[in-house]
Amino acid sequence: MTATNTALRVVRTGMRMSQDDFARALQAAGHRVGEPNDANKRLVQRWESGAIAAPRPVYARALEAVTGLPVSLLGFAAVPGGQVTDDQHGGHDLTSPMSSLATPTPTARPTTVHRWYEGVWLSRYQYYSSGRGDSFAGQHFVVVIQHGDRLTARSLPGSAASSLSLDLTVDGAVVTGTWVEQTDPTGYYRGARYHGAIQFLAEPTGRRMAGKWIGFGKDMDVNTGPWELVFRDASTSKATLDRYNTTTE
């Protein structure tokens, strides 16, 4: 009897994506890094039902890029080296007749060498609350996943009452992207969702990024403030993430 993959379903629904939306996001992620895939709704259903215990590497990398989480935290069973997973037998795309006729030739990938930022980081930012007339700080432990020059960061749920996500692109020492925060439903902002842009400068050690965020306040005024990411651990194993899945205070 197969076990339902509730972890993947929870992550997907938390991103407010239907199974179709999630499959399209996986395809887009594959195209961005030169690894096209045939993800579709049926594949997502088979993952979530447990019919497919583990994804092929091309899908694993796309899953990490879309969710910002290591595949080990997405509810898939560990597959011993060399063992064939269900989706390698053609179950990965029942609507694409071409998928079983030939093995696609991988697209050449860029040879640019990027500094490696994957791991656990402490995120700290400051903001001014006009309603309370004071400045405050927000802190989260985030797990960073890297694919080439793209970084995705997602907060560990136990590290803060709000949830935070960052989608970033690395260009030398400059790291640019967007942020989204879903505030604490029981806190001052009552679960409001805020988003904006962000730009960091990475220190030569690769262990700290410092910069500023910009975003809209509840009165649609443009706000800004300092933000930094401080490296904590290079591992993204479940044991490591469990250790950091606690309040930062």
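This report describes the fold, the cores, the strand pairing and the salt bridges of a predicted model.

## Basis of the model

Local features in this predicted model need pLDDT of at least 70, and side-chain atom pairs count only at pLDDT 80 or more, while totals for chains, interfaces and linings use all residues. Residues are numbered from 1 along each chain as its sequence is written, and side-chain values use heavy atoms, with hydrogens and water left out.

## Overall layout

The protein chain has 5 helices and 8 strands. Helices (H or I, at least four residues) and strands (E, at least two) are DSSP runs, numbered from the N terminus. Their order from the N terminus is α-α-α-α-β-β-β-β-β-β-β-β-α.

Of the 249 residues, 42% count as buried. Buried means under 20% relative accessible area, exposed means over 50%, and partly exposed lies in between (1.4 Å probe, protein chains only).

## Cores and helix α4

The largest nonpolar core has 29 residues, and L8, F22, L26, W47, L63 and L74 have the most contacts inside it. A nonpolar core is a set of buried Ala, Val, Leu, Ile, Met, Phe, Trp, Tyr and Cys residues joined through side-chain atoms within 4.5 Å. The elements that give two or more residues to this core include α1 (6-14), α2 (19-32), β1 (119-129) and α5 (238-244). Helix α4 gives the most, with 6 residues. A second, separate core of 22 residues includes Y117, L151, L164 and I198.

In α4, 9 of the 11 residues are buried, so this helix is largely enclosed by the rest of the structure. Among the buried residues of α4 are V58, Y59, L63 and E64. The cover over them includes α1, α2, α3, β2 and β3. L63 touches residues that include L8, F22, W47 and L74, leaving aside residues up to four places away in sequence; a contact means heavy atoms within 4.5 Å. Just after α4, G68 takes a positive phi of about 75°.

## Paired strands

Strands β1 and β2 run antiparallel and are joined by 11 bridges. Two strands pair if DSSP finds at least two bridges between them. G119 stands opposite V144 in β2. The hairpin of β1 and β2 has 4 residues between the strands, and G133 in the turn has a positive phi of about 65°.

β2 also pairs with β3 (residues 150-155), in the antiparallel sense, over 6 bridges. Here I145 stands opposite T152 in β3. This hairpin has 2 residues between the strands, and G148 takes a positive phi near 65°.

## Salt bridges

Side chains of opposite charge can pair when their charged atoms come close. A salt bridge is a side-chain nitrogen of Lys or Arg within 4 Å of a carboxyl oxygen of Asp or Glu, and the count by this rule is 9. R154 and D167 form one at 3.4 Å, N to O. R154 lies in β3 and D167 in β4 (residues 163-171), so the pair ties together parts that are 13 residues apart in sequence. R154 is buried, at 13% relative accessible area, whereas D167 is partly exposed, at 31%.

R208 forms a salt bridge with E228, with the closest N and O atoms 2.8 Å apart. R208 lies in β7 and E228 in β8 (residues 222-233), so this pair ties together parts that are 20 residues apart in sequence. R124, E203, R208 and E228 are linked in a network of salt bridges. Within helix α5, D242 and K238 are 4 residues apart, about one turn of the helix, and their closest N and O atoms are 3.0 Å apart.
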